[in-house]
Amino acid sequence: MLRMLVRGAAGGALATVALTAVSLAGDQAWLMRDRPSGRVTPGPLPRRRARPTESLTHFGFGVASGAVLCALSRGRAGLPLGVGYALAAWAASQRGWVPRIGILPPDTRDDSSRTAVLAAGHVVYGMVLVATVNHLARP
């Protein structure tokens, strides 16, 4: 069980970096007015210098989410499960706690280009997470 959680955490770490890269690319392409992670917990490479605790929180959430998926899937997840899991986490945040605490409007009322970038980033997160977990599970 511990090995499975470590694989999930490693996958979550790599997937968080990939998600952040997609967000940064969207930001550089002027597709997002501002990154919500700059208001919640800035990613590893924010435009402004983030406080270390903010970057660690963002990274930690991605790592923990990877470990949870790995535990739920018993160490082997298919691509549809990984992408669905990541999109479910995104939708729950964008339609749940994020608008409730006033960070952003729900994705249904937000800027469509930012919504698309964030959704794409979570698809990439799910793909990288599953690929990493499955690769590390090989004998």
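Trainee: Why is His122 called buried?

Mentor: Its relative accessibility is 18%. Buried means under 20%. So His122 counts as buried. Remember that this is a predicted model.

Trainee: Where does His122 lie?

Mentor: His122 lies in helix α4.

Trainee: Which residues is His122 in contact with, leaving aside its neighbours within four places in sequence?

Mentor: Leu19, Ala86, Leu87 and Trp90. Contact means heavy atoms within 4.5 Å.

Trainee: What makes Asp107 and Arg95 a salt bridge?

Mentor: Their closest N and O atoms are 2.7 Å apart. The cut-off is 4 Å, between a side-chain nitrogen of Lys or Arg and a carboxyl oxygen of Asp or Glu. The pair therefore qualifies as a salt bridge.

Trainee: Which parts of the chain does this pair link?

Mentor: Distant parts. Asp107 sits in the loop between α3 (79-100) and α4 (112-137). Arg95 is in helix α3.

Trainee: Is Asp107 buried or exposed?

Mentor: Buried. Its relative accessible area is 9%, and the limit is under 20%.

Trainee: How many salt bridges does the structure hold?

Mentor: Two. Asp110 also forms a salt bridge with Arg114. Here the closest N and O atoms are 2.6 Å apart, against the limit of 4 Å. Both Asp110 and Arg114 are buried.

Trainee: Why can such side chains pair at all?

Mentor: Side chains of opposite charge can pair when their charged atoms come close.

Trainee: What makes up the largest nonpolar core?

Mentor: Twelve residues, including Met4, Leu19, Cys70, Tyr85 and Val133. To belong, a residue must be buried and joined to the set through side-chain atoms within 4.5 Å. Helices α1, α2 (52-72), α3 and α4 each supply at least two residues of this core.

Trainee: Which helix gives the most to this core?

Mentor: α4, with four residues. Val130 is a core member. Leaving aside neighbours within four places in sequence, Val130 is in contact with Leu69, Ala77, Gly78, Leu79 and Gly82. Another core lies apart from the largest one. That core has five residues, among them Met32, Val117, Leu118 and Ala119.

Trainee: How do you know that the span of helix α1 is close to the expected one?

Mentor: Compare two values. Helix α1 (residues 2-28) has 27 residues and reaches 39 Å from its first C-alpha to its last. At 1.5 Å a residue, 39 Å is expected. So the span is close to the expected one.

Trainee: What follows α1?

Mentor: Trp30, with a positive phi, near 60°.

Technical notes
Residues numbered from 1 in each chain as written. Predicted model: local features only at pLDDT ≥ 70, side-chain atom pairs only at ≥ 80, totals over all residues. Heavy atoms only, no water. Buried < 20%, exposed > 50% of the residue type's maximum accessible area, 1.4 Å probe, protein only.
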